[in-house]
Amino acid sequence: MQTSFACVLPEAEFKTAQPTTTKAQKPPPHRRRMAIFHLSVKVFSRTAGHSAVAAACYRSGERMTDEKAMTVYDFTRRGGVVSKTLHLPHGLTLSREQVWNEAERAETRKNSTVARECEISLPMELDLKTQISLANELGLYLVEKHGCGIDVNVHQPTRKNDPRNTHAHILLTTRRFNSDGTLGEKCRELDAAKTGSLEISAWREYWAMICNRELQRAGLETRIDHRSLVDQGLHLVPTIHEGTEANAGMRRAFNEAARADNREAAELDEAIKEALRERAHLVAAQIVVDATARAQALHHQEEPPAGASPATPMA
């Protein structure tokens, strides 16, 4: 079986995924086609000039007012937002603008972290409805686990981007919501160096589990694996998630190459046109020479021989 990403998996798991395969028909023993896994986490902080309201506004493609900064953000014209859903504990029903203004109000220091973001790639092998459902399932898991507010925004690539790059931005408040709609204690388990990495590892494992469940339901043998290549026992060189900047860079490089090709084509066209103009000039000159030669030859034919009397006109 050809693979795009190779991963060694337990034999028992392979048998579970392929219940109808007999021993005689079994493909090469423990390899399975791998889908791309990407889950990254970052924070938004005032030190870097970030705003939770601006981040949520951009990702949801909405218009919001940042009450603390007294600034209006309007991203209603941006494309690619195919789903946006808030998930809050205690059955709260707040608007997106209320949630992220509350996040800004709850943080009083100038160097505060005002929001977290979990960015995930959605399996391109699945349809959009399933991709959206998976992103929201992860969001609900995070609400249940941490008690914070979750804002799930699913984006499809625009015309200029890689059509396979459907992904989700999941914004998290840094504090847990109280039942009255205010933000209370911090999610310290995500702040601490010792526990933060363990929590995110749990997110990664849960995300891989639910994606693989849906891939199996869809009858696909493709799987994702949240573990590192080392933990998988694979001696391969890991690739780097390229992201939008790299894609933009590739587009710029492609455009520059296209412009160079166009310049070369224009120069070649001009050279061809100049050659045609020169040829036309030479052809025209040759026509004049030929016409002159023919006229001279005709003139010589009409002249009487030397010494001959001119014809006497008839009376």
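How many of the nine residues of strand β5 (residues 113-121) are buried? Seven are, so β5 is largely enclosed by the rest of the structure; buried here means under 20% relative accessible area, with a 1.4 Å probe and protein chains only. The model is a predicted one, in which local features need pLDDT of at least 70, side-chain atom pairs count only at pLDDT 80 or more, and totals for chains, interfaces and linings use all residues. Residues are numbered from 1 along each chain as its sequence is written, and side-chain values use heavy atoms, leaving out hydrogens and water. Strands are DSSP runs of E with at least two residues, helices runs of H or I with at least four, numbered from the N terminus.

Strand β5 pairs with two neighbours, pairing requiring at least two DSSP bridges. Seven bridges join β5 to the antiparallel strand β1 (residues 39-45), with Phe44 partnered by Ala115 of β5. Six bridges link β5 to β7 (residues 167-177), again antiparallel, and here Ser121 stands opposite His167.

Turning to the helices, the axes of α4 (residues 128-146) and α6 come within 10 Å and cross at roughly 145 degrees; axes are lines fitted to C-alpha atoms over the stretch in contact, with angles from 0 to 180 degrees between N-to-C directions. The contact (heavy atoms within 4.5 Å) includes Leu134 and Tyr141 of α4 and Trp203 and Ile210 of α6.

Arg223 counts as buried because its relative accessibility is 5%, and its side chain reaches the backbone oxygen of Leu220 at 2.6 Å.

Definitions and conventions
Buried means under 20% relative accessible area, exposed over 50%, partly exposed in between (1.4 Å probe, protein chains only). A polar contact is a pair of N or O atoms within 3.5 Å; within protein, one must be able to donate a hydrogen and the other to accept it, and residues adjacent in sequence count only if both atoms are side-chain atoms.
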